[in-house]
Amino acid sequence: MNLPLPAVCDFSITNVCNAACDFCGFARDKTLAGPARYVDTDAFSRALPILHRRGIRYLTLQGGEPLVHPDVVRLVSQTVAAGISCAMITNGWFLSRYIKSLAVAGLCQLIVSLDSADLAEHERNRGLEGLEGRLAKGIALARECDLPVQASITVNRLVRYDDLPDTLRRLGFDHVSFSYPRSEPFGSTSLVYSEQSHLVDLDREELLDALDAIGRLRKRFTVLNPRASLAEVARYVRGEQQAVSCIGGYKYFYVDWNLDIWRCEAWNEPMGSVFDLDRIPDQREPCNACMMACYRNASMLMHAAVAATDAGRALASGQIGTAVASLFRRSVAQSLWALIEETPRIRRLARSRRQTASTNGLSRRQTASTNGLPASERPANDRAEA
Ligand code: SF4
Ligand code: SF4
């Protein structure tokens, strides 16, 4: 299937985590995750061309904590060799051990989670004493490798929005994105929720205040949540009608360590095995059942392009009315406006990713060319250990 619009995939490569975040079921001191699971490296490699055929061009490695996967550097180099841009979200504890190898392997974006502008509170919530120093060192090394570094903050009671710009600048972050808290279990294997954490049991007014604070923060730091997406989530919180449908299952997917592919983390049954993806249709039934930020941000930014693609297909089959109806909707105007507003930020991000790719290009080709060698003959930094 040759789709013109790129798709995105969040890939959980393990259910193991070394941190103890109060608001997450992957935490090391909780029992929800069950036996430790790590995606099989060869199976991961065989899945990549299938994902590429489905239009996936952006893949984020996540966990649990992806840096505890014993073959994480190889997973990055395989992703890049398959023609898919690779990002990673990590708690940062093992960053300084791996970041140079990851950059050489072709990582194009580093995302580090942060819970508070007060790093002592962040450390306490993560249960990782000494994390501040390790983050500072790891991020400094990432910047030496010209990797763009993004903070990922879950809206919670510790955040301290007004103090964030100073902390983010001091640590060396280029930009920040916010995700929204979840108190109900997901239907999938993802455990990034907590039914009991006081940090995330925010009521409607607290959530709306947080969205306002994020909107204000956009004037002081580069925030990647589009203004239109913040407004859409505010409508969700107020129980109002949503403007755009989620692209989960069409242009955004979740894959887990079992190599099952899901419409999203929240969905309660997988679309199937990733190895059957060529035979699995897109899931296009409208859905606005949750406020997961990554899906909401991407849905808002891609809605106009999705509508244009649908209109093109309708025109090609002679359905002029359907084509016109697809294009001339208020939601398309909202999406276009979001795109126009975000274009400078998107360009800056793309530019820094291109610079990273060209800076690390030679090394990456060298890494790719060593992939077929036995471990003993590969460069030391390509033999990652947890
Ligand atoms: S939020 Fe991230 S770092 Fe914290 S327990 Fe969950 S997976 Fe681990
Ligand atoms: S709105 Fe939520 S539940 Fe629905 S497809 Fe998107 S991410 Fe999944």
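Me: How many nonpolar, polar and charged residues does the shell around ligand 2 have?

Reply: The model is predicted: local features need pLDDT of at least 70, side-chain atom pairs count only at pLDDT 80 or more, and totals for chains, interfaces and linings use all residues. Residues are numbered from 1 along each chain as its sequence is written, while chains are lettered from A and ligands numbered from 1 in the order in which they are written. The residues around ligand 2 (C-beta atom, placed from the backbone, within 6 Å of it) include Cys-246, Arg-263, Cys-264, Cys-287 and Cys-290. With Ala, Val, Leu, Ile, Met, Phe, Trp, Tyr, Cys and Pro taken as nonpolar, Asp, Glu, Lys and Arg as charged, and the others, Gly among them, as polar, the counts are nine nonpolar, two polar and one charged.

Me: Into how many nonpolar, polar and charged residues does the shell around ligand 1 divide?

Reply: Among the residues around ligand 1 are Cys-17, Cys-21, Cys-24, Gly-63, Gly-64, Glu-65, Asn-91 and Ser-113. By class, this shell divides into seven nonpolar, four polar and one charged.

Me: Which peptide bond is cis?

Reply: Gly-64 lies in the loop between S2 and H2; helices (H or I, at least four residues) and strands (E, at least two) are DSSP runs, numbered from the N terminus. Gly-64 is also one of the residues around ligand 1. Omega is about 15 degrees in the cis bond, which joins Gly-63 and Gly-64.

Me: In what order do the nine strands of the open sheet stand?

Reply: The protein has 12 helices and nine strands. Strands of a sheet pair through backbone hydrogen bonds, either parallel or antiparallel; here two strands count as paired if DSSP finds at least two bridges between them. The edge strands, S6 (175–179) and S9 (272–273), each pair on one side only. The pairing in the sheet is mixed, and the order is S6-S5-S4-S3-S2-S1-S7-S8-S9.

Me: How many bridges join S5 to S6?

Reply: Within this pair, Thr-154 stands opposite Ser-179 in S6. S5 and S6 run parallel, and the number of bridges that join them is five.

Me: Which residue in S4 is the bridge partner of Met-88?

Reply: S3 and S4 run parallel and are joined by four bridges. In S4, the partner of Met-88 is Leu-110.

Me: How many of the six residues of strand S4 are buried?

Reply: A residue is buried if 20 or more other C-beta atoms lie within 10 Å of its own, exposed if 12 or fewer, and partly exposed in between, with C-beta atoms placed from the backbone. Gln-109, Ile-111 and Ser-113 point one way from S4, Leu-110, Val-112 and Leu-114 point the other way, and all are buried. S4 (residues 109–114) is therefore largely enclosed by the rest of the structure, its buried count being six of six.

Me: At which residue does helix H1 bend?

Reply: H1 (residues 41–53) reaches 19 Å from its first C-alpha to its last, close to the 18 Å expected for its 13 residues, where the expected span is 1.5 Å times one less than the number of residues. The bend is the angle between axes fitted to the seven residues ending at a position and the seven starting there. In H1 that angle is about 25 degrees; Pro-49 follows within four residues of the bend, which is at Ala-47.

Me: Which residues of H1 are buried?

Reply: Their cover includes strand S1 (7–12), strand S2 (56–62) and helix H2 (72–81), where two residues are in contact if their C-beta atoms, placed from the backbone, lie within 7 Å. The buried residues are Phe-44, Ala-47, Leu-48 and Leu-51.

Me: Is Arg-126 buried or exposed?

Reply: Arg-126 is found in helix H4 (residues 119–126). Setting aside neighbours within four places in sequence, its contacts are Ala-19, Ala-20, Cys-21, Asn-91 and Leu-131. Because 25 other C-beta atoms lie within 10 Å of it, Arg-126 is buried.

Me: What is the value of phi of Leu-259?

Reply: Leu-259 lies in the loop between strand S7 (252–255) and strand S8 (260–262). Leu-259 counts as partly exposed because it has 19 C-beta neighbours inside 10 Å. Although Leu-259 is not a glycine, its phi is positive, at about 65 degrees.
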